[in-house]
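I opened this notebook to record what I looked up in one model. The sequence and structure come first, and my entries follow.

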Amino acid sequence: MMEDTPSKEENTRVIKVLEALKQASHDLQTHPSPNSAESNSPSIKALLELETESDTILSNDPLLSTLSEHLASLKSLFDTLQKSCGHGLGSFLARRVSTQSISRVAGSIELEIQAWIDRESIDSLMKGLKEPLQIEEDELVSLLSQFEDRVLQGFNRELQDLVLKSKIFRLLERISCDPSCSRKVREQCAFVVSALIRFNKDVFVGQVLMGRMIHGVVSMASWKSMKVLCSLIKSIKSPLVDEIESNGEIPKIICFLDYKDLHLRVVTLDCVLEIGYFGRREAIEAMLKEGLIKKLVELQRSELGGDLIDIGMFGDEKDGGNGETRFLENHPFASCVARFAVQLEVGEGLRQREKRAFKQEILKTVRNACVSNAEAATIEAEVLWGSSP
C-alpha cells in the first residue's frame with residue numbers, strides 16, 4: 001500500500017474536520033445577516049466547536065498556520081459581536097460591521113481549507129500515479145475521480161498553479177498511453193485530462209496536441225475512451241481533428257463501428273459526427289476512404305436504426321425536436337447517414353465547394369451500398385432534405 005494505515009487514518013480525520021469547517025464557513029457566507037451571526041446560529045456553533053477541535057490539527061501542519069490565524073480572528077469577532085447586544089444605533093452599527101467582518105473571514109477560511117485539500121489531493125494522486133503498483137486499483141481510480149470532480153467545479157487560479165507546479169499532466173498522459181496499466185486507471189486518467197482542457201483550454205490544449213494523448217485514448221478501444229475523444233474534439237475543435245488525421249487514427253476509429261460492443265459503436269458514431277463537423281477535407285476523405293458511408297447505411301438498416309423521415313421526424317421542429325430526440329434514444333443509428341451529411345453541411349471545417357462535392361460523393365455511395373431502390377430513395381431524400389442543395 002502507498003501509505004501505512006495510521007497515517008491514512010490521521011489524514012482522513014484531518015480532512016473530515018476541515019471539510020466540516022469549510023461547510024460551516026460556507027453556510028456563514030450564504031446567510032450573512034446579523035441574526036445568522038448570533039451565537040445560537042448552527043454555523044456559528046459548528047465553527048466554535050471545530051475551532052477548538054482543530055487546534056491540535058492546525059499546530060501540526062505549518063501550511064495551516066494562516067487558517068489558524070483566521071480562526072483566531074473569527075473567535076475574536078464573535079466575542080465582539082456578543083458585546084454589541086444593545087438596541088441603540090451604535091450597537092446596531094457595531095453588529096453590522098462585525099457581521100460583515102465575520103462573513104469576510106469565513107470566506108478566507110473556506111479558501112484556505114480548499115487550498116489545503118487541493119494540495120493534499122494532488123500530493124496523494126501524484127504518489128499513486130508515480131507508483132501505481134503500490135496502490136490498489138480502485139483507490140487510485142477513486143483519487144482520479146475525486147480530482148476530476150474538483151477540476152470540473154470551474155477555473156481556480158490557485159488550483160491551476162498547483163497542477164502546473166506538480167507536472168501531473170505528464171503523468172496522466174504517460175499512464176493513459178501505457179498498455180501495461182489497467183484500462184480502468186487509463187480511462188480515468190483520460191477523463192481527468194479532458195476535464196483539465198475544459199478547466200483552462202488555453203493552458204493545457206498545447207500539451208494534448210504535442211503529446212501522445214490522442215494515440216493513447218484511441219488505443220484503449222473502449223466506449224469511455226471514445227467519450228473522452230469526443231469531449232476533446234468538442235473542446236479543441238479542428239486542430240485536434242487535424243492531429244487525429246495526421247497521426248493515422250481515423251481508420252482505427254471507423255473500425256470501432258464494426259465492434260460488437262453496442263455502447264462503443266454508439267459513442268464512436270458521436271465521435272464520427274463531431275469529426276464531420278470540425279474536420280477539414282483531409283479528415284473527411286480519410287473517413288470516406290475507410291468505407292464510412294457503407295458502414296452507416298448498414299447501421300441505419302439495423303434494428304437500432306431506422307429512418308426519421310418515414311415517421312415525419314427528420315428536421316421537424318414543431319415539438320422543439322423532442323420527438324426526434326426520444327426516438328434516437330432507442331434507435332441511436334436512425335438516419336445516421338443524413339445526420340453525418342448535415343454535420344458536413346453546417347460544420348466549420350469545409351469550404352462551400354468541398355461541402356457540395358462531399359454531398360454528391362455521399363449520395364453516389366449510398367446508391368451502391370443500399371440493397372434496394374426504396375432504401376436508397378429514402379436515405380437520399382433524408383440527405384437532400386436535411387442539408388441545403
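**Entry 1: Lys201**

I was working on a predicted model, in which local features need pLDDT of at least 70, side-chain atom pairs count only at pLDDT 80 or more, and totals for chains, interfaces and linings use all residues. Residues are numbered from 1 along each chain as its sequence is written, and side-chain values use heavy atoms, with hydrogens and water left out.

I placed Lys201 in helix H10, residues 201-210 (helices are DSSP runs of H or I with at least four residues, strands are runs of E with at least two, and both are numbered from the N terminus). Setting aside neighbours within four places in sequence, I found Lys201 in contact with Ser235 and Ile236, where contact means heavy atoms within 4.5 Å. Lys201 and Ser235 lie 34 residues apart in sequence, and their C-alpha atoms are 7.6 Å apart. I also noted that the side chain of Lys201 reaches the backbone oxygen of Ser235 at 3.0 Å.

**Entry 2: Glu243**

I then turned to Glu243, which sits in helix H13, residues 238-246, and counts as partly exposed at 25% relative accessibility. From Glu243 to Met210 I recorded 9.0 Å, C-alpha to C-alpha, across 33 residues of sequence.

**Entry 3: helices H16 and H20**

I checked how helix H16 (residues 281-289) packs with helix H20 (residues 352-369), and found an angle of about 5° with the axes 12 Å apart; axes are lines fitted to C-alpha atoms, for helices over the stretch in contact, and angles run from 0 to 180 degrees between N-to-C directions. H16 and H20 are therefore roughly parallel to each other (the term covers angles under 35 degrees). On the H16 side I listed Arg281, Ile284, Glu285 and Leu288, which meet Glu354, Phe358 and Glu361 of H20.

**Entry 4: helix H8 and the whole protein**

I asked how many residues of helix H8 (residues 168-176) are buried. The count is 7 of the 9, so H8 is largely enclosed by the rest of the structure; among the buried residues are Phe169, Leu172 and Glu173.

For the protein as a whole, I noted 21 helices and 0 strands, with buried residues making up 48% of the 389 residues.

Note on methods. Buried means under 20% relative accessible area, exposed over 50%, partly exposed in between (1.4 Å probe, protein chains only). A polar contact is a pair of N or O atoms within 3.5 Å; within protein, one must be able to donate a hydrogen and the other to accept it, and residues adjacent in sequence count only if both atoms are side-chain atoms. Angles under 35 degrees count as roughly parallel, over 145 as roughly antiparallel, 65 to 115 as roughly perpendicular and the rest as oblique.
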